[in-house]
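Welcome! Have a look at it first, and then read on.

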Amino acid sequence: MTEPRVKDLDGHDTTLAEIAKNQPTLFIFVRHFG
Amino acid sequence: MQVHRERDAFRELGVQAVVIGHSSLRYARAFVEETKIDLPVFVDEKRALYKELGFKRPILAFLTPKMFRRAAEARRAGFSQPGVYGDAFQLGGVILRMPDGSMPYRYAGQFPGDHPKVEDLKAEVAKAVAS
């Protein structure tokens, strides 16, 4: 299964796996920006 | 955001914290500009991860008195909510993901303003990193 992708602020696609590949990562999913 | 205030404590545990929001890059950039947040920020434009991780979008959850209580607590703690961008009914959550792909911790908000207490979160993270 393909992991959903997210965009960084420059618009580049990445994945949670990529972000967390070197370090345990706490992903905080906010309810909204604002 | 309490995790932002405690970011150094998480760094000391060897954990990086990042923020994921939905809606669009435009709002994400405005969020970073307004809050001066010192954490990486990413956007899940279609809320695909929110859905996959089971983070709810329950419209009725917005009618609970708990939401108003949490909003008052947040205001007293110095947090404000200047505006809502994107899907106003989407709830948030927190996961800890390890480099091997495992997810030893997941918290899904049950109503607006529901999030893990930062001390509980630190304890869970410390336990996961130590094991």
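In what order do the elements of chain A run from the N terminus on? They follow the pattern β-β-α-β. This is a predicted model, in which local features need pLDDT of at least 70 and side-chain atom pairs count only at pLDDT 80 or more, while totals for chains, interfaces and linings use all residues. Residues are numbered from 1 along each chain as its sequence is written, and chains are lettered from A and ligands numbered from 1 in the order in which they are written.

**Chain A at a glance**

- Chain A has one helix and three strands; helices (H or I, at least four residues) and strands (E, at least two) are DSSP runs, numbered from the N terminus.
- Its C-alpha atoms fill a box of roughly 30 × 20 × 20 Å along the principal axes.
- Chain A has 34 residues, and 38% of them count as buried. A residue is buried if 20 or more other C-beta atoms lie within 10 Å of its own, exposed if 12 or fewer, and partly exposed in between, with C-beta atoms placed from the backbone.

**Strand β3 of chain A and its cover**

- Strand β3(A) spans residues 25–29, and five of its five residues are buried.
- In a regular strand the side chains alternate between the two faces of the sheet.
- Here both faces are covered: Thr25(A), Phe27(A) and Phe29(A) are buried on one side, and Leu26(A) and Ile28(A) are buried on the other.

**Where the two chains pair**

- β3(A) runs parallel to strand β1 (residues 16–21) of chain B, and five bridges join them; two strands pair if DSSP finds at least two bridges between them.
- β3(A) also pairs with strand β3 (residues 93–97) of chain B, this time in the antiparallel sense and over five bridges.
- Thr25(A) takes part in both pairings: it stands opposite Gln16(B) in β1(B), and its bridge partner in β3(B) is Arg97(B).

**Two residues of chain B with positive phi**

- Lys36(B) is not a glycine, yet it has a positive phi of about 55 degrees. You will find Lys36(B) in the loop between α3 (25–35) and β2 (41–43) of chain B. Lys36(B) counts as exposed because it has 7 C-beta neighbours inside 10 Å.
- Arg47(B), also a residue other than glycine, has a positive phi near 60 degrees. Arg47(B) sits in the loop between β2 and α4 (48–52) of chain B. With 18 C-beta neighbours inside 10 Å, Arg47(B) counts as partly exposed.
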